[in-house]
Amino acid sequence: MRNIDVFDTTLRDGEQSAGVNLHAHEKLEIASQLERFGVDIMEAGFPASSRGDFLAVQEIAKQIKNCSVAGLARSTIQDIDTAWEALKGAVEPRLHIFLATSPIHMQYKLRMQPHEVVEAAVQCVRHAAQYFPVVEWSAEDATRSDWDFLVQIVEQVINAGAKVINLPDTVGYASPEEYARLFRYIREHVPNIHRAKLSAHCHDDLGLAVANSLAAIDAGVDQIEGTINGIGERAGNASLEEIAVALAIRKDVYQVETNLDLSQIVLTSRLVSKLTGMPVPPNKAVVGANAFAHESGIHQDGVLKNALTYEIISPEMVGLSSNQMVLGKHSGRHAFRERCLELGLRLDDTAFNELFKAFKELTEKKKEVTDDDILALATDVAGQQNGYELQLLHISYGSNGVATSTVEIRKPDGSVVREAATGQGSVEAIYRTLERALSERVVLSDYRIQSTTSGKDALAEVYVKVKYHGHVANGRGVDSDVLLASAKSFLDAINRIILKEQFELIATNS
Ligand code: KIV
Ligand code: ZN
């Protein structure tokens, strides 16, 4: 059986999803969980894109020991040098450098002739290969490129030092059969291709990202790229968990192995969903809430007689049953710390103490605290570390449909502001009051609420998407009270935008 490399780009292409704006410590939490999941390479970010991304990549490169850490760079010497500064502390640093090769991108975006594209690619790969032990070169929009042009440029970048050649389906345009043919063509026509690994990277615009990735594996690629939960630009990237499970369940067809620990799938999916504020649809393959639910009587009857009648994936395989342990009122610091570690939460003492305090408060209201509750609390506590903080919320609501809210928030400069406003319902009143306290217009474009577990004592998780100062960000808030969770989610989104602005300011001043 052949082994293929798994390249995760949740922290780079995934973070490019609209509204996703992760703090550095959240990226590190995801990185630790990806390491536990067993990915071979994680793309930690795009160091030259912002000061915040640079610092996050640098920290991940320092902390992650069991897999290669990659950073993205455009084809400029400055991007490559910045990426090296961020990645040089990694155990196995990798540069992922790209340049578009399709006629439409070369003519309209790059405004370069094909021979200039080849020269730029070769020059940059040669420069990068002086520092990086592995340089991965991507032909952006490969699936809309001329195949013979690809043959020419791929041969030259391999001669310049590229060890991995990635042919992305950047706009999710390819069909599975066509994508597989492209890889076979490159393998047959590039004379030095044996000196490099081939990689597939698919987007989901036509809903074909996973199918295309599997077709590429069938065509013999050595590496597969994707994100957790399929998050990413536009319709997203190929879902790594779906590819991983397809390869395991249909080993008879694909005949390949990976180093992934499939029992980490559910945990990884939940962590990414909570930290990015992007919920997983209930019907999503492998990780959706309904993926193992059997509704019809005929199916239930079949599953009770033999689970294999309607269940091709066992819940245990993806880590669902390992999620049974519950903590409660009598659980101590030690058991709680152990559980946090198992959940991939890396917390310094201050963060741990805060989380433990929140956990103890929750056990006063909720008998059994599940992994989901802990993850929800952890993401909430972490989100409170910077910026605006809610100090008081008061709501009065009557049957006339008008709600009045009073809030008190502490501003980043330490001053406290108190405001009141009315609204058609409680949530509207809260958001109007917070907007007034911020003295700036905030546009709310999404509001969603869900509970961590079932039952009356479940925690409420509220996800919002807001536009403030021209930036869009997702925010989330968790509380046993829905209205408090709503207020927290709003301020969380605002705080993410403020942090982004601070980094942009540092970048322009440095
Ligand atoms: O989809 C794409 O083309 C990319 C490149 C940066 C490799 O993400
Ligand atoms: Zn991509």
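Student: What covers the buried residues of α9?

Tutor: Happy to walk through it; keep in mind that this is a predicted model. Helix α9 spans residues 240-249 and is mostly covered, with eight of its ten residues buried. Those buried residues are Leu240, Glu241, Glu242, Ile243, Ala244, Val245, Ala246 and Leu247. Their cover includes β2 (5-8), α8 (209-218), β9 (223-226), α10 (251-254), β10 (256-257) and α11 (265-276).

Student: Is Ser32 buried or exposed?

Tutor: Ser32 is found in helix α1, residues 24-37. Leaving aside residues up to four places away in sequence, Ser32 touches Ile64, Gly344 and Arg346. Buried means under 20% relative accessible area. Ser32 has a relative accessible area of 3%, so Ser32 is buried.

Student: How do α5 and α6 run, roughly parallel or roughly antiparallel?

Tutor: The axes of α5 (residues 114-129) and α6 (residues 147-160) come within 8 Å and cross at roughly 25°. Angles under 35 degrees count as roughly parallel. Therefore α5 and α6 are roughly parallel.

Student: How do the residues of the contact of α5 with α6 divide into nonpolar, polar and charged?

Tutor: On the α5 side, the contact includes Val117, Val118 and Arg126. From α6 come residues including Phe149, Gln152 and Gln156. The contact divides into eleven nonpolar, two polar and one charged.

Note on methods:
Residues numbered from 1 in each chain as written. Chains lettered and ligands numbered in written order. Predicted model: local features only at pLDDT ≥ 70, side-chain atom pairs only at ≥ 80, totals over all residues. Heavy atoms only, no water. Axes fitted to C-alpha atoms, helices over the stretch in contact; angles between N-to-C directions. Helix = DSSP H or I, 4+ residues; strand = E, 2+ residues; numbered from the N terminus. Parallel < 35°, antiparallel > 145°, perpendicular 65-115°, else oblique. Contact = heavy atoms within 4.5 Å. Nonpolar A, V, L, I, M, F, W, Y, C, P; charged D, E, K, R; others polar. Buried < 20%, exposed > 50% of the residue type's maximum accessible area, 1.4 Å probe, protein only.
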